[in-house]
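I opened this entry to look up how the chain is put together and what lies inside it.

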Amino acid sequence: QVQLVESGGGLVQPGGSLRLSCAARGGTYGFIGWFRQAPGKAREYVAGISYTGLSTGYAPSVKGRFTISRDDSRVTTFLQMDRLKPEDSAVYFCAAGDSGRWEVTASYSTWGQGTQVTVSS
């Protein structure tokens, strides 16, 4: 079964940028998704990418500010986050799935441990 490890979170000022990484080891999967969860709120979809990297998708709240991509080895998935806002603060998770809608948490069988992103001045 694939194992996922996120990295790259931290504290950034509003308007700044961060890049999150998700390293996938072992197993197979059809797509990778990024989700986030703020205190007291449900986990929400942020972005997704197919295994080949040829297809991507974004939540309306981040479209145009965030970019999901994969390296050529297809081991690491990145989430480049630009023009960050305080409401982007959350624990960010990457997840691997094989079928179903990317926006739905039930489509994913493996989750990383999460990385904290805080946007504050």
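Of the contacts in the chain with a separation of 6 or more, what percentage comes from residues 24 or more positions apart? I found that such residues account for 56% of them, where contact means heavy atoms within 4.5 Å.

I noted that this is a predicted model, in which local features need pLDDT of at least 70 and side-chain atom pairs count only at pLDDT 80 or more, while totals for chains, interfaces and linings use all residues. Residues are numbered from 1 along each chain as its sequence is written, and side-chain values use heavy atoms, with hydrogens and water left out.

I next looked up the secondary structure and found 0 helices and 11 strands (DSSP runs, H or I of at least four residues for helices and E of at least two for strands, numbered from the N terminus). The radius of gyration, taken over C-alpha atoms, is 13 Å, close to the 14 Å that the globule rule (2.2 Å times the number of residues to the power 0.38) gives for 121 residues, so the chain is as compact as a globular protein of that length.

I then turned to the inside, where buried residues (under 20% relative accessible area, 1.4 Å probe, protein chains only) make up 44% of the 121.

Finally, I looked up Y92, and, leaving aside neighbours within four places in sequence, I found Y92 in contact with residues including E6, W34, F66 and V117.

Technical notes. Buried means under 20% relative accessible area, exposed over 50%, partly exposed in between (1.4 Å probe, protein chains only).
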